[in-house]
Amino acid sequence: MGELKRLDLEYNQLTSDKMRLNVGPQHPSTHGVLRLEVVVDGEIVTEVIPHLGYLHRSFEKYCEQMTYVQVIPYIDRMDYISAMNNEWVYVMGMEKLMGLKVSDKVEYIRVILAELNRIANHQIAVATFGLDAGAFTPFLYYFRDREHIIWVFEKLSGARLLYNYFRVGGLAADIYDGFKEDCLNIVKRVRKTNEELMDLLILNGIFIKRTANVGILPPDVAISYACSGPVLRGSGIKYDLRKDEPYSIYDRFDFDIPVGDGEVGVPGDCWNRNIVRVREMEQSCRIIEQALEQMDMEGDVKELVPRRVKPPAGEVYMRAENPKGDLGLYIVSDGTDKPERIKARGTSFVNLSVIPEISKGYMFADLILILGSIDIVLGEVDR
Amino acid sequence: MGLLNRLDDPYEGGGIVLGKIEDILNWGRSKSNWYLHFGLACCAIEFMAMNASHFDFMRFGTIPRTSPRQADFIMITGTVTFKMAERIKILYEQMAEPKYVISVGSCSNCGGPYWEHGYHVLKGVDKIIPVDVYIPGCPPRPEAFQEGMIKLQKKINEQAIFNKRKRLKKEQSDDNK
Amino acid sequence: MLTNEIFEKLKSEFGENILECNDQQPVDHFIVVKSEKLFEICHTLRDDDDFLFDYLMSLSGMDLNENLGVVYHLYSMKLKHKLVLKVMVPKTDPKTPSVERIWRTADWHEREAYDLMGIEFTGHHNLIRILCPYDWEGHPLRKDYQTPESYHGMKTSS
Ligand code: SF4
């Protein structure tokens, strides 16, 4: 007995030196060019220090040099996975500033495109999250389906990734014949794959063991860090700008806001953040179906597009629910045709700032999963 | 050019191909390229799509490696910033010879959309490392990736392996004449 | 609560530290405050039962030619109202209190404003550059910024 006690003491006095590891900036699982300086005690992460800026492309400086119309392509390149949504925030802000009211048809097309892009974004997010956890098959499945969404965008705008399709006051081009059928086809596909993936990935025992109860983000911390989107909703807070502050025509649709309810694990862990995305895809499908039904095909999408965008002096802070969370654009105009200042509140930038807080005390391998579950895109972090 | 094409022209009734050892080595090298994917920005997303089911980049015999020491070529996809440029150089120097560089997208070719006021963007990765194949586009279409890969294979196929120095000297003296 | 109601209430509490309330703008209304008491004002805004601004949407640095400015966009999750708060700091001595201890999201935002605009937030625990390299010179988003010729031997122009 006495001997055992002595052993205990010795064990407590054992200290292991902490080690500093460098992850990134070029690492396949940092989702881009993020660099993390990690202090580990054995396998346990004790401190994480993110270093950003490896993709700092001087977006805000560019905005001051470009005219309002020329800014749109640069907005695309911020969050390049969900370019349609980004453009939408910008053109909505500009329309608010100029007092334009776009026609119903334009609004419906915008909603459909934004929701399609939301699906595409979530597909990449869930697929790469699966990759981080070691599942390769979902990546192939999701990318197969994403390609169909990309084709629709390509037919509309001519580009596969960065569209430059939205215009202040309208759209660059009208939709094509057969747009409706294409969208319905996509919805069918997305539903089918999600059903398959439910068994293959989400409810897979190994996946649950890896992701449940890992990286728990309590709701009050999430609000203090101003998290948004699936990260915030994963913690069980029902907050979605499409419902809380309905912009555009979102009040005409019937849809739910999925939250992490702790069905597996506890609210706020990686599994719950991920399931929010999967369920959101289904809600987006519902919105697309309703929008296609209500939409009226007649009308010109370009009639309100001004020759020269020259808003009155003033400022506006526009935000909308992007796939990753709410993107805010603070547009200051001084009455000329060039913006005085555009500040982008990058969703990923804000969501990423929570990483040092929630990854302490977990295994090193879990850190990669926590990063994957937050779903960042470095173009938006560094701008 | 390719080794297999010569099978159409059989020697002594077929089955025998006459050629240089160099050809067969180059043939092998060009058909199994391992690459270090240096994904930086939007172009990397397109490259992910390229890697996935529809376009299947691996049919070129390419396998993604995460270490520069095992890679035959490096694929720079996206905007190179100053903060990143030094890392690219280090990684490039760590690769074993022979090594190749594919620069993907306008950004890494010349600065792309950020060429004018981008105070933090390197205007072309060829300012720091030599580039073999440029793939244009913002982002390039997957077909362009395929074209670029074929270009690289062609380049490898035509390279000299043995007596390089001697041949080089001869070429130079030929040039001087 | 509307911006002018918030303004009245803040005015009664902080007196001349609250400078003006602008509700003439085409779109967003804002309140301008002095930077000395900013920390206390923000604390009240977060914890007072009438305000409860617990969500800092955005923090932006501005270059207003003779001054620098910081703009805070606040939102209340419980009461669902918004507020835009502005402070001005002179360019010669750009110092303003940090609100990092009130909203933790302000940490990175303030570092970004310091990096790109050169606004110093007193009381910030780790005010270093965030986007530009640590040895970068100057603050790129200032209107009078001159891009350096080269960085570590690499030319910045094409
Ligand atoms: S070339 Fe275009 S798509 Fe590629 S990284 Fe640059 S901006 Fe992005």
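This is a predicted model: local features need pLDDT of at least 70, side-chain atom pairs count only at pLDDT 80 or more; totals for chains, interfaces and linings use all residues.
## Aromatic pairs and charges over rings

Tyr239(A) is buried, as is Tyr75(C).

Across all chains, 31 aromatic pairs are counted. One of them is formed by Tyr239(A) and Tyr75(C), whose rings are tilted, with 6.0 Å centre to centre and 45 degrees between the planes. Tyr239(A) is located in the loop between helix H10 (230–234) and helix H11 (241–244) of chain A, while Tyr75(C) is part of strand E4 (residues 67–75) of chain C, so this pair joins two chains.

Tyr35(B) and Phe73(B) also form an aromatic pair, in this case stacked, at 5.7 Å centre to centre and with 25 degrees between the planes. The pair links distant parts of the chain: Tyr35(B) lies in strand E1 (residues 34–39) of chain B and Phe73(B) in strand E3 (residues 73–77) of chain B, 38 residues apart. Tyr35(B) and Phe73(B) are buried.

The two pairs are set out here.

| Pair | Centre to centre | Angle between planes | Class |
|---|---|---|---|
| Tyr239(A) and Tyr75(C) | 6.0 Å | 45 degrees | tilted |
| Tyr35(B) and Phe73(B) | 5.7 Å | 25 degrees | stacked |

In chain A, ring pairs link Trp88(A), Tyr108(A), Tyr247(A), Tyr250(A), Phe253(A) and Phe255(A) into a cluster. A member of this cluster, Tyr250(A), has Arg242(A) over its face, at 5.8 Å from the ring centre.

Which residue has its charged end over the ring of Tyr54(A)? That residue is Lys83(B), and its charged end is 5.1 Å from the centre of the Tyr54(A) ring.

Methods. Residues are numbered from 1 along each chain as its sequence is written. Chains are lettered from A and ligands numbered from 1 in the order in which they are written. Side-chain values use heavy atoms; hydrogens and water are left out. Rings of Phe, Tyr and Trp (its six-membered ring) pair if their centres lie within 6.5 Å; planes under 30 degrees apart count as stacked, over 60 as edge-to-face and the rest as tilted. Helices (H or I, at least four residues) and strands (E, at least two) are DSSP runs, numbered from the N terminus. Buried means under 20% relative accessible area, exposed over 50%, partly exposed in between (1.4 Å probe, protein chains only). A charge sits over a ring if NZ of Lys or CZ of Arg is within 6 Å of the ring centre and within 35 degrees of the ring normal.
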